[in-house]
Amino acid sequence: MSKKGESSQLLREFPDFTDTMHSLVAMERIPAGVVEECREAVAMARRFNRTVARSYALELDRRMQEDPTFLPWELVEEANRWGFFTMWIPKLFGGKGWSLSSISPFVEELASECLAITNLIGVHYFGYSILVATWNIRLIDMISREVVEGEREGRPCLVSGAVTEPEAGTDAEEVELLARARVRCHARRVEGGYVVNGRKIFISNGHLSTWHILIAYEDLERPDETMIAFAVKNGMPGFSFGRMEKKMGQKGCPASELVFEDCFIPDENLLVAASQLTGMKRGARELGMQLIDFVVSATRPGVGAMGAGVARGAFELALRFARETEVAGKPLINHEWAQCLLAEMYKNAALARLSYMEANYSNSMYGMAKLLSFKPLYYYNRLIPTSMFDRWMPAANSRQATTAVFRKLVMDGQSDAEARRASGWASLAKVAGTDLGVRNCQLALELMGQAGLRHDRRAEKCLRDAKLLQIYEGTNQLNRLNVFKCLVAPAAPEARAFED
Amino acid sequence: MWPSFPTTKGVMAVLELSEELRLLDGMARDFALNELVEGREERDHYPFAPPSEDLLAKAREVGFFTIFLPEKMGGAAEPVQALCLVLEEVCREDASLGGAIFTVALAQELLRQAGSEKALMRAFAEAASLREAVPAFPSFHNPGDMAPLLVAERGGRGYRLTGSVEYVVLGNVAGKALLPAASAAGGWSLFTVDLEGEGVRVSEPVLSLGLHACPAVDLRLEGVPGTLVGEEGKGQLYFEAAADRLSAASAACSCGVMKGSFDAALEYARQRMQGGREIVNWSEVRMILSSMAVRAKAAEMLVRRAAAAVDGGDPGWELASRAAALLVQEMAVEVTCDGIQILGGNGYMQDYGQEKRFRDAQQLQALLGMVPMRRLRYIRRVVDGESPWS
Ligand SMILES: Cc1cc2nc3c(=O)[nH]c(=O)nc-3n(C[C@H](O)[C@H](O)[C@H](O)COP(=O)(O)OP(=O)(O)OC[C@H]3O[C@@H](n4cnc5c(N)ncnc54)[C@H](O)[C@@H]3O)c2cc1C
């Protein structure tokens, strides 16, 4: 074997170089313009924190403690005015078309001030990413343009993502589990559409959103093979809002129950049905998993970034406290142990950031938007104004053929190894970032003693807010199992995940 | 014993309770189940809901506020063990009441350390109303770590106190507060202050992370008359001595919360189905439950052993009590975090009680002052020659 051949053979051995060195590999692939976009996104988030979030975060949290049914419309309107709900909608669909890599640094920055406000803004992109992951170009285009229109007219149009059911949380995140799950959200085929019955719970922004991207199942006995996605709009007969949860934290972002009672959803609102996707290289079950992976590979690093953000927020509060407080006769900041503790917290935030950045690289090179990091396409998208796209895109987007081409390109264009890399690293970053986030909040409270426990000092809110990060977007247990399945199991082909 | 299994005499001797303690434990358990489970979520809505003064009155009726008085005033024969049992049982269901009971006991102990038996009698044993029977005290501080303190100035026949003090527990329930203040003699001293007197400004209830129904307020004092308790300048001495005895009791609160969290997690895991089986049958879930159970059991043993050491005056009881507090509180923070995790999204919701336990455990960790300073104090005593071994 040639030396070169031998080297590439060695590099493919576990752990595969390509599975582990995303930032290195990305250096030559990712367009330089992304860096500038990240700078701008972070600066914008800082500006927003200073003008809006800093003064409103505590007031909103207190208000929600008093009245858990309060809906923070003012905040939604404010975020809408800032243009946050269209920043990451591609120009193809009328949005501002920021690169996906810039969303996580933006999220970290927002999260360093308030996780509830961050989730209220960020989770719109969770709903939106499920929409995009279906690659139903006509509906993506239509809903995107409503969001853009809503921004222009000062009528926020948000998108929620409805996956979780009362009896299926973890199970809804993984097809292996889904096969044995007790899902109840059923879509029955009828003339001209579907009739949906069932309930979705814990849906972030439910009550505040206009569109809801709903995951249901055509056959409750075989949910893993019959996943089906719809775009549901407020006001559709048979669709209503149920209770709003009383949460420990992230109170400013409601978690809602969505109720479907003989809700007729016309064919034109069908996003995708796994069972109907023919001519693809994967079968219905694998396509279901690919849909889940497309979404979570993009959104889990975002939750990791929220962990990095709250880790930083807690660190910053602890730092301020150490500078302002005298303990045992000298400023806390001059106690050696306090310096080490603060260094530890700084390190935790930095590690959380490194993980989500790595996962972002992985997702932009191998995930559902990998086409966009192809340099010519990136610069084309960046430099051409939205108005130019608007001239010819809507007509093309409404064609069935466009959807078919995109699906072929994106779904079939992703190899199993790429899917593994993107999904595995997304889980890794999610677990790492959120555990470090919670850890830093606890360290801040330890350091601050009584002061840290008071609502008016902010640190206790960080902890209440942060705990949720270990639960949503798949519990950290499910995400560890996904790290095993995607990144570890290749070294142990005999291993079976989710069988225990 | 928890979890309940038949005990073998001898092996478990160290944990065996006297008849009196066993009766008290049963009574506390009944009280907790009958009075604390129902309405817990509503009480926790404080300060946006009415205060739970009825509950405090009931706790007083059954004697929870007098257990820690000297025996001749009606206190228990083995006061630290008795207090620990009550706190553990109470906090298993609702730690807010535990916070109140602990604060009252701490104030009593400070008075006792200061040799103010008369004040003790007047204040507690003979108190006519709840207002008189519970004193307020900033039980989440070690006054020695705090700066600035209230300042006490001598004037005429007594002292006048000026300044502010944060997070005075029961400050809007009690008629009197026991407050630390710096005075010309150096160090700090303890004073009792009439909270209804002139010059006292009581804030709105402070909204805090946990123990919502154990109310606390900030106080601003402007030349308020204060009665010196014990000797001037000896506050730190009294406080450290009280902390030696009561650290075990603070650990008991955390231990109770841990047990409550584990019990709820186990029950949920037995019923919740995911992936086609009860989640208790996923081995990763068992791992989490196991680490919760082991830590809660270790905490139970630690607290009981430490409390017995304090009551028995065993060699090294002071450090035993403090070590128990530091470790048990830390474990409680971890256990209650897992306690939410086992319930997934439901664990994060107020309806299931686990999020409250998580908040309460974190709050309890700050009893008697900030953790790092308590750790440093512990090791300072060892470095200075106190033996950590019994
Ligand atoms: C505030 C909030 C907002 C949310 N927002 C949204 C949203 O916008 N849209 C949406 O669709 N969902 C949302 N969710 C739902 C969230 O994704 C789920 O809560 C999460 O997936 C966990 O599901 P569960 O709550 O049903 O817990 P369960 O799945 O019941 O898990 C309970 C416990 O069992 C463990 N477990 C379960 N199965 C296994 C297994 N196979 N192996 C090992 N351990 C296992 C879990 O790790 C956990 O510890 C939200 C949840 C919350 C709390």
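Trainee: Where does Pro15(A) lie in chain A?
Mentor: This is a predicted model: local features need pLDDT of at least 70, side-chain atom pairs count only at pLDDT 80 or more, and totals for chains, interfaces and linings use all residues. Residues are numbered from 1 along each chain as its sequence is written, chains are lettered from A and ligands numbered from 1 in the order written, and side-chain values use heavy atoms, with hydrogens and water left out. Helices (H or I, at least four residues) and strands (E, at least two) are DSSP runs, numbered from the N terminus. Pro15(A) sits in the loop between α1 (3–12) and α2 (17–20).

Trainee: What is omega for the cis peptide bond joining Phe14(A) and Pro15(A)?
Mentor: Most peptide bonds are trans. Phe14(A) and Pro15(A) are joined by a cis one, with omega about -10°.

Trainee: Which backbone oxygen does the side chain of Lys91(A) reach at 3.0 Å?
Mentor: The backbone oxygen of Arg382(A) lies 2.9 Å from a polar atom of that side chain. The one at 3.0 Å belongs to Ile384(A).

Trainee: What is the relative accessible area of Tyr167(B)?
Mentor: Tyr167(B) lies in strand β2 (residues 158–169) of chain B. Its phi is positive, about 50°, although Tyr167(B) is not a glycine. Tyr167(B) is buried, at 2%.

Terms used:
Polar contact = N/O pair within 3.5 Å; in protein donor to acceptor, adjacent residues only side chain to side chain. Buried < 20%, exposed > 50% of the residue type's maximum accessible area, 1.4 Å probe, protein only.
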